[in-house]
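I open a notebook page on this structure. The entries below follow the order in which I looked things up.

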2 protein chains.
Amino acid sequence: MTEIEKLTEERIFDAATEVFLERGMDGARMQEIADQAGINKSLLHYYFRSKDRLFDAVFEKVAAGMFSRFSPLLDPELSLEEKISFFFREHISFLEKNPRLPSFLLNEINRNPKRMKEIIRRLDIGKIYDILEQQHGEEFKQLGITPSLVPQIMISVGAMSVFPFAARGIVETLLEKAGLNFKDFIEERKTFAAGFVIRAFHNKPT
Amino acid sequence: MTEIEKLTEERIFDAATEVFLERGMDGARMQEIADQAGINKSLLHYYFRSKDRLFDAVFEKVAAGMFSRFSPLLDPELSLEEKISFFFREHISFLEKNPRLPSFLLNEINRNPKRMKEIIRRLDIGKIYDILEQQHGEEFKQLGITPSLVPQIMISVGAMSVFPFAARGIVETLLEKAGLNFKDFIEERKTFAAGFVIRAFHNKPT
DNA sequence: CCTATCTTTGACCAATTGGTTAAACCATAT
DNA sequence: ATATGGTTTAACCAATTGGTCAAAGATAGG
């Protein structure tokens, strides 16, 4: 693979990422991707055989980028509270730079659950569950958190981080009423979410 | 408007709702809606001039159905804790019957923020904020919740309820690992989410 | 310089899609 | 019965879309 070829392929991939994130698989047009990359439409098919394959490549990379941000949760050096604080700070900062990502992923997961589950399974999200159980099982027991509640907590943590971006249109409408803006809201959320979850943690269920 | 006409229009509307929820605006096909309704494609245009208008009608009704479920939050007879418990029970039950709704709404809001914000503004979500402040402002103050944190809490509550359905593909992959199933997870969530939020509430921020 | 291989392009295609239209259908009132 | 009005249909259309193909350009080896 020559250097120029790599560059072209990369330009196409980046352009496709941008367009797919903006419009979704169904809304994206091959012509728009070609324009964005500054090349002929035929070249798209030369490098990636079809729209489907191009989309798959983009989706896989984008999903991997998203879930790789869960790494703080795996660090055995960190306490539970530290993990939660680090996670929200890093994950929300990441979404700040990629605000279209949540809505894109959620929509495409729903559009084709089977294909997407396969990709997600390959990213091995399940291992986060295993490691949390392994590193903090004792702590969970003391807090009265039964094994079935661990997924509840994990999903809640994800929701707290992802939802404001996925539902940005609603959030902004609400913030308008309160005289706030989205940027400040997100900045505040990094610490709010951590505190919220930690407080919910450190009390026996009613 | 005759009775038969009403029936036809309703059949079209219901079919359109089903197809749009399943496929989204871009993915939906007028032919599929016609088939689903058991009528000719031309009739779609006879009753609703264009795909856009048909979609707008569906979106508005569907969004209204979603947000009307927030009504427990407005009841002055309920305490804050009761509101939270009632809300999760009712809202999650509603989503159980309409599992495609969250992903559909989130995606379409993102696809056309302007048009959607207008519709959402008409549904007046902001009034929930006002009423909460008005009915529980004193309580908030005692709990150390500043005005800017109220939207944080509202979004968090929405996220806890909506996200599991919007991200169902991810949730199911995670539950697989833990040996659980989605239905049970959702049933458990109605009470878990309420307890989670209430506990996060009733402690001073660290 | 010439050939062989890879890259890039423009012209083209078949299929799909939202939408139109004129005619057929059907109920009802006169 | 038949004229009138709204309702429904089949046939059709223009535009768009993903994809193909043969030829032109570029690049490197001999």
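Burial first: I call a residue buried under 20% relative accessible area, exposed over 50% and partly exposed in between, with a 1.4 Å probe and protein chains only. By that rule A:Arg168 is partly exposed, with a relative accessible area of 32%.

Conventions. The model is predicted, and local features need pLDDT of at least 70, side-chain atom pairs count only at pLDDT 80 or more, while totals for chains, interfaces and linings use all residues. Residues are numbered from 1 along each chain as its sequence is written, chains are lettered from A and ligands numbered from 1 in the order in which they are written, and side-chain values use heavy atoms, with hydrogens and water left out.

Entry: chain A overall. I took helices (H or I, at least four residues) and strands (E, at least two) as DSSP runs, numbered from the N terminus. Chain A has eleven helices and zero strands. Its C-alpha trace spans about 60 × 45 × 30 Å along the principal axes. Of its 206 residues, 52% count as buried. With contact meaning heavy atoms within 4.5 Å, residues 24 or more positions apart account for 66% of the contacts in chain A with a separation of 6 or more.

Entry: helix 10 of chain A. I found A:Gly169, A:Ile170, A:Val171, A:Glu172, A:Thr173, A:Leu174 and A:Leu175 buried in this helix. A:Gly179 follows the helix and has a positive phi, near 70°.

Entry: salt bridges. The rule asks for a side-chain nitrogen of Lys or Arg within 4 Å of a carboxyl oxygen of Asp or Glu. Over all chains the search gave 26 salt bridges. A:Glu172 pairs with A:Arg168, closest N and O atoms 3.0 Å apart. These two are separated by about one helical turn because they are four residues apart in helix 10 of chain A. I also looked up A:Glu60 and A:Arg122, whose side chains meet at 2.5 Å, N to O. That pair links distant parts of the chain, helix 4 (residues 51–68) and helix 7 of chain A, 62 residues apart. A:Glu60 is partly exposed, at 30% relative accessible area.

Entry: the interface. I count 56 residues of chain A in contact with 56 residues of chain B. About 5,600 Å² is buried between the chains, 67% of it from carbon and sulfur atoms; buried area is the accessible area (1.4 Å probe) that two parts lose on being put together, summed over both. Six salt bridges cross the interface. Helix 9 of chain A gives the largest share of the side that touches chain B, 14 residues. One of the bridges joins B:Glu176 and A:Arg121 (3.2 Å, N to O). In another, the closest N and O atoms of A:Lys177 and B:Asp130 are 3.7 Å apart. A:Lys177 lies in helix 10 of chain A and B:Asp130 in helix 8 (residues 126–142) of chain B, so the pair joins two chains.

Entry: B:Arg189. Which side chain of opposite charge is nearest to B:Arg189? It is B:Glu188, 7.6 Å away, and B:Arg189 is buried yet has no salt bridge; Lys and Arg count as positive, Asp and Glu as negative, and His and the chain ends are not counted. B:Arg189 lies in helix 11 (residues 182–201) of chain B. Not counting residues up to four places away in sequence, B:Arg189 touches A:Gln152, A:Ile155, A:Ser156, B:Ile92, B:Met160 and B:Pro164.
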